[in-house]
Amino acid sequence: GGGDGSASARQAGPRTVVCYICGREFGTTSIGIHEKQCAKKWEDSEAQKPASERRPLPQRPEVPTGSTLEQQNELAQAVYVAQAMTNCNG
């Protein structure tokens, strides 16, 4: 058996962080590792496309100091929708 270190269990709101590149949710401890891998995956994927179809890596959102995790996730989601989601025009 291991100890459940739930000292931060009192915090309200989400305990997952939205990736601004892929839009998926990750734990607060794994998001940093994920973002690096996700950025590499994005760049590798874009490199397979013809130059005219490649898209730049989405930019990490500017998160104001003191923002809640919920606010950070809203900003990340907005970047994902604006820059990462494939636009289907018709």
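**View 1. The buried side of helix 2.** In this predicted model, in which local features need pLDDT of at least 70, side-chain atom pairs count only at pLDDT 80 or more, and totals for chains, interfaces and linings use all residues, helix 2 spans residues 69–84 and holds the buried residues Asn73, Ala76, Val79, Tyr80 and Ala84. Residues are numbered from 1 along each chain as its sequence is written, and side-chain values use heavy atoms, with hydrogens and water left out. Helices (H or I, at least four residues) and strands (E, at least two) are DSSP runs, numbered from the N terminus; buried means under 20% relative accessible area, exposed over 50%, and partly exposed in between (1.4 Å probe, protein chains only). Glu74 and Ala82, which are exposed, sit on the face of helix 2 turned away from its buried side. The cover over the buried residues includes strand 1 (16–18) and helix 1 (31–47).

**View 2. The largest nonpolar core.** A nonpolar core is a set of buried Ala, Val, Leu, Ile, Met, Phe, Trp, Tyr and Cys residues joined through side-chain atoms within 4.5 Å. The largest one has 14 residues, and Cys19, Tyr20, Ile21 and Ile31 have the most contacts inside it. Strand 1, helix 1 and helix 2 are the elements that give two or more residues to this core. In soluble globular proteins, nonpolar side chains tend to be buried together. Not counting residues up to four places away in sequence, Ile21 touches Glu35, Cys38, Ala39, Trp42, Leu57, Pro58, Tyr80 and Ala84, where contact means heavy atoms within 4.5 Å.

**View 3. His34 in helix 1.** His34 is found in helix 1, and it counts as buried because its relative accessibility is 11%. Leaving aside neighbours within four places in sequence, His34 is in contact with Cys19, Cys22 and Phe26.

**View 4. Thr28 in a loop.** Thr28 lies in the loop between strand 2 (25–27) and helix 1, and with 47% relative accessibility it counts as partly exposed. Although Thr28 and Arg15 are 13 residues apart in sequence, they are 6.7 Å apart in space, C-alpha to C-alpha. Arg15, Val17 and Leu69 are the residues that Thr28 touches, not counting those up to four places away in sequence.
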